[in-house]
Amino acid sequence: MKMFGSYKPLRSIILVISCVLILLLVGIQCTNRNVAKIDESPTRGNIRIVADASFQPIVDAEVATFTGLYNYAHVTPQYVSEPDIITAFLNDSVKVVVTAWEPSAEQKELLLNTQVVVRTTNVAFDAIALVINKENKDSLFTYQNVNDLFTGKLADWSDLDSSSKFGKISIVFDNEKSTNIRYFKEEFKLEAPLPSNFYSVKSNEEVIDYVSKNNGAIGLVSVNWICDREDSISRSFTDKIKIVAVSHKYLNAGTFSLPDQGSIYDKSYPFTRKINLVSRETFEGLGSGFISWFSSEQGQRIVLKAGLVPATMPIRLIQFKK
């Protein structure tokens, strides 16, 4: 009995060693998981961002420059409609979105209850342009004219110009979930369905193409698609159509502004909006790095070059007189 009893201390030692080894293995696995998590940094990693299709040109330019500077940063943009952006963001399908939408207080509180802090960064100012066929001479609209288009009170070109032969006005926009349409419904406080002369296509490019081929059409497009004079695609679009000048919402109706940088900045053009980067990232990852870079001087210079108005750097307006 004594001989067998002498194995009890040995058994205890083996048990202790086994427990220590198990704890070490668990610790190593946890450490590996943490390393994998923090392997992403503000300038390194692989992420997907979801952006409103209205903002594709500026997002493409920012992503291309950012990933060109940081070789280990891989940012893949996906372009969808605004409702799809909101759904993906609230359901945690994506950490960073580019949108004109701003989360409501209720949405922020809902996410905060799940320990998610939502951060919204305004990076640029955009506008929604009304574009018409090159042959159409009616390129001046009052703010009230645009309101009347959306309520159906203005449906024929002869209502604007009795000599016009273009007939019924057809209004086209980029898609049936368009953020452009949502903007005007909120602007004019509209609850009724759109008039029957409103038609959706599939993209901003299709809007411009439709207007270029139809004399009586009006298109609604983001200025982001037609404002970069140095971009060959943007120039090809503006060569096809004419941009409408619109009167100020409150000031003299005889003063009209095109949606250029100066009138977007001082809001003399009435249909302006923000471009926001909205994040739910819980650590300083690649999404945070991209937002920081977009907001920096380098990112804002790209915004300026693209014909939009930077939101985070000072702007100086220069007026030329003949």
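**Salt bridges in the predicted model**

Let's start with one pair. Lys249 and Glu187 form a salt bridge, and their closest N and O atoms are 3.3 Å apart. This pair ties together distant parts of the chain. Lys249 sits in the loop between β10 (245-247) and β11 (256-257). Glu187 belongs to helix α7, residues 179-187.

Is Glu187 buried or exposed? Buried, at a relative accessible area of 17%. The cut-off for buried is under 20%. Lys249 is partly exposed, at 34%.

Keep in mind that this is a predicted model. The count for it comes to ten salt bridges.

Next, a pair within a helix. Glu297 and Arg301 meet through their side chains in a salt bridge, 2.7 Å from N to O. How many residues apart are Glu297 and Arg301? Four, in helix α12, which covers residues 297-305. That spacing means about one helical turn separates them. Glu297 is partly exposed, with a relative accessible area of 49%. Arg301 is partly exposed too, at 48%.

Salt bridges can also share partners. Here, Glu82, Arg182 and Glu186 are joined that way into one network.

One more pair. Asp92 makes a salt bridge with Lys95. Their closest N and O atoms lie 2.7 Å apart.

Then go to helix α12 for Glu297 and Arg301. Finish with the network of Glu82, Arg182 and Glu186.

Technical notes: Residues are numbered from 1 along each chain as its sequence is written. This is a predicted model: local features need pLDDT of at least 70, side-chain atom pairs count only at pLDDT 80 or more; totals for chains, interfaces and linings use all residues. Side-chain values use heavy atoms; hydrogens and water are left out. A salt bridge is a side-chain nitrogen of Lys or Arg within 4 Å of a carboxyl oxygen of Asp or Glu. Helices (H or I, at least four residues) and strands (E, at least two) are DSSP runs, numbered from the N terminus. Buried means under 20% relative accessible area, exposed over 50%, partly exposed in between (1.4 Å probe, protein chains only).
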